[in-house]
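Okay, thanks everyone for coming.

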Amino acid sequence: MSKIRANSIPALEFQLDPPPLSLSELYHENTKLYPLTVQQMMPSGNFSAADLQAMSRAYKQYPSLPRVKLPPIESLPQNGRTFDEVISSRRSVRDFADLELDLDELSQILHQSYGITGELPGKGGFRQDLRSAPSAGALYPAEIYIAVRKVAGVEPGIYHYNVPHHEIELLIPGDPTEKILEVCCGQEYVRQTSIVVLISGVLARTKLKYGERGYRYALLDIGHLGQNLYLSCASLELAVMTTCGFFDDEANKLLRIDGVDEAVMYVAFIGKRRA
Ligand SMILES: Cc1cc2nc3c(=O)[nH]c(=O)nc-3n(C[C@H](O)[C@H](O)[C@H](O)COP(=O)(O)O)c2cc1C
């Protein structure tokens, strides 16, 4: 029985021949819910309501880093575009103008994509924050990082979105263009974007409650977030384009995350549209 050798793809090395295994089929089959496996697949019974509420507020924060406060949502101008107009104008736009975004625009994009929009009072005085995107069990596994090339009043660098404070925290100062180009397989769009958004999944957040099936939920959550990002950009008439073309390990290394408990899942280029 021979091993398929894939020097640079360690995950494939264990595949046996014959029969070749599809990792995705194996995963899908083994994470299906059946009446007899509900308890095993979803170990949520082990958590109290207080545990679950604490888990839903497990925001990642970098308290010692320099930060930029984002304009509060209530202060942002309304553009009056209807939901129908926004939905029907949503497109992946690849013509970036290499111009600055306003801080208001960045604030709106982050809030509308994944900001706090409500709360659910819980037992014992606990308060559960609810966000603009739905999330399995309200556990919100995603974290948002923003590579800022051109935003008015913001130093270029790679930032993390601090959700409860609605601010961005400077992880890596300096022009991120070359680093992001390397991560994004040299896609030249990077040189015209204002920001590149990298969304990670903190997989343990969802898997703690839902076990292996939780990986599916994290991807679904991030898909919802991604659509919000697109719609927010459509409402601001900005160019946005998501890409699967990024090197996972380089992206994780850049953001100083381990690629196991937390891993980059989604990348989007955003900027002003070229007229
Ligand atoms: C997960 C995902 C990955 C994508 N990756 C790329 C990409 O690498 N390059 C690209 O030009 N477009 C990419 N797109 C955009 C799609 O090509 C686009 O959504 C599709 O053609 C439909 O067009 P629309 O978004 O303008 O409606 C991606 C879209 C999704 C959802």
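A quick word on terms before the overview: helices here are DSSP runs of H or I with at least four residues, strands are runs of E with at least two, and both are numbered from the N terminus. On that basis, the protein has nine helices and eleven strands. Keep in mind that this is a predicted model. The average pLDDT is 90, and 90% of the residues score at least 70. Residues 1–7 fall below 50, though, and that stretch makes ten contacts in the model beyond its near neighbours in sequence.

Some overall numbers next. Of the 275 residues, 35% are buried. If you take contacts with a separation of 6 or more, 72% of them link residues 24 or more positions apart.

Now, the ligand. Which residues surround the ligand? There's Arg91, Ser92 and Arg94, and then Met241, Thr242, Thr243, Cys244 and Gly245. Sorted by class, that shell comes to two nonpolar, four polar and two charged residues.

On to a pair of helices. The crossing is right-handed. On the α5 side you've got Gln108, Ile109, Gln112, Ser113 and Tyr114, and they meet Leu225, Asn228, Leu229, Ser232 and Cys233 from α8. That contact has five nonpolar and five polar residues, with no charged ones.

Then there's α7, residues 203–210, which is mostly covered, with six of its eight residues buried. Have a look at which ones: Arg205, Thr206, Lys207, Leu208, Lys209 and Tyr210. After α7 comes Gly211, with a positive phi near 65°.

Last stop is Ile146, which sits in strand β6, residues 142–148. Why does Ile146 count as buried? Because it has 24 C-beta neighbours inside 10 Å, and the cut-off for buried is 20 or more. Leaving out residues up to four places away in sequence, Ile146 touches Tyr159, Tyr161, Ile168, Ile195 and Val197. Take Tyr159: it's 13 residues from Ile146 in sequence, and the C-alpha to C-alpha distance is 5.1 Å.

That's my tour, so over to you.

Notes:
Residues are numbered from 1 along each chain as its sequence is written. This is a predicted model: local features need pLDDT of at least 70, side-chain atom pairs count only at pLDDT 80 or more; totals for chains, interfaces and linings use all residues. A residue is near a molecule or strand if its C-beta atom, placed from the backbone, lies within 6 Å of it. Ala, Val, Leu, Ile, Met, Phe, Trp, Tyr, Cys and Pro count as nonpolar, Asp, Glu, Lys and Arg as charged, and the others, Gly among them, as polar. pLDDT is the predictor's confidence in each residue, from 0 to 100. Two residues are in contact if their C-beta atoms, placed from the backbone, lie within 7 Å. A crossing is left-handed if the near helix is turned anticlockwise from the far one by less than a right angle, and right-handed if clockwise. A residue is buried if 20 or more other C-beta atoms lie within 10 Å of its own, exposed if 12 or fewer, and partly exposed in between; C-beta atoms are placed from the backbone.
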